[in-house]
Amino acid sequence: MEQRHLGRTGLRVSRIGLGTLTWGRDTDEHDAADQLKAFWEAGGTLVDTADVYGGGEAEYLLGQLVERLVPRRDLIISTKAGSVPDPDRRFDGSRGHLLAALDASLARLGTDYVDLWQIHAFDAETPLEETLHALDIAVSSGRVRYAGVSNFCGWQLAKAATWQLASPGIRTRLAGTQMEYSLLQRGVEREVLPAAIDLGIGLLPSSPLGRGVLTGKYRHGTPAGSRAASDMAPFVEPYLDEAASRIVDAVATAAEGLAATPLEVALAWVRDRPGVVAPIVGARNAQQLTAALSVESLSLPDEICQALDDVSAPVHRYPDQDWSTL
């Protein structure tokens, strides 16, 4: 699998990442092992998790598989901290919470360091400089090699990155930002992606298949066993409207013309967008993951990319873009 640099750093990661959102919850140890082995054998290196996935079980499960199944040196392990199970405060970006969460993640993962540590979301109740100081401490202590953020909007990302670049002393520049990005969700193109490109921050798209909708599985109903038929239905439903249906139909038409699958077309489109480093793909089993990894051999023709761009184009108006272009 092709490797790409994460932003303006020397860290190279596979251009498809393995997501572990369902590990320890819907994905058991056997399926997780099959996924990790298939990913590694395909040349994949970037494995993405978080301290809240499965209540910590995703990190623990990954830690049990590393070394026993795949050498630690062959993986780029990325995890996140900051989300908390508190209905009154969903995110905690305080230095104390973040560093304690990092130590707990390292214990579950069974490793002395993580390659990429990300702040899971912006915490408006904590000074940003305090949150960023936790990244500096984590890197300087050797517990983290590279740092990033997740779910920061455009001004939040730009402020955080600029603070790290401009503040006196040795600061850890942001290497990556993880955001939802697909043909069904192109909101990052308004401000987040331009900021990331300008600041040399690599984008790691989550839900690159539109929460599974872009595979075409919902074109003729809701299959039993799918996310939309489970307790995750509210997560999928926003992408089952008429506008999304037109985009899914266009992806299916393109796939038919290319002798590919809708999954491959949708994933190839987002993988090769400007500023994108590695879409994070989650799967319930190794068979689903192998289908996604087959995209490595597919590059979309320019005319197909343009057609998909047109059918899914978001509305950009002032002040989303440079005023002089409007």
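**View 1. Glutamate 2 pairs with arginine 15 in a salt bridge.** In this predicted model, the closest N and O atoms of glutamate 2 and arginine 15 are 3.3 Å apart; a salt bridge here is a side-chain nitrogen of Lys or Arg within 4 Å of a carboxyl oxygen of Asp or Glu. Glutamate 2 sits in the segment before β1 (3–5) and arginine 15 in the loop between β2 (12–14) and β3 (17–19), so the contact ties together parts 13 residues apart in sequence. Strands are DSSP runs of E, at least two residues, and helices are runs of H or I, at least four, numbered from the N terminus. Arginine 15 is buried at 7% relative accessibility, while glutamate 2, at 40%, is partly exposed (buried: under 20% relative accessible area; exposed: over 50%; partly exposed: in between; 1.4 Å probe, protein chains only).

**View 2. Salt bridges link six residues into a network.**

**View 3. Arginine 25 meets aspartate 26.** Their side chains form a salt bridge of 3.4 Å, N to O. Arginine 25 is partly exposed at 44%, and aspartate 26 is partly exposed at 46%.

**View 4. Glutamate 189 and arginine 273 form a buried pair.** The N to O distance is 3.3 Å. Glutamate 189 lies in the loop between β8 (174–180) and α6 (192–199), and arginine 273 in the loop between α9 (262–271) and β10 (280–281), so this bridge ties together parts 84 residues apart in sequence.

**Notes for all views.** The salt-bridge count comes to 22. Residues are numbered from 1 along each chain as its sequence is written, and side-chain values use heavy atoms, leaving out hydrogens and water. Local features need pLDDT of at least 70 and side-chain atom pairs count only at pLDDT 80 or more, whereas totals for chains, interfaces and linings use all residues.
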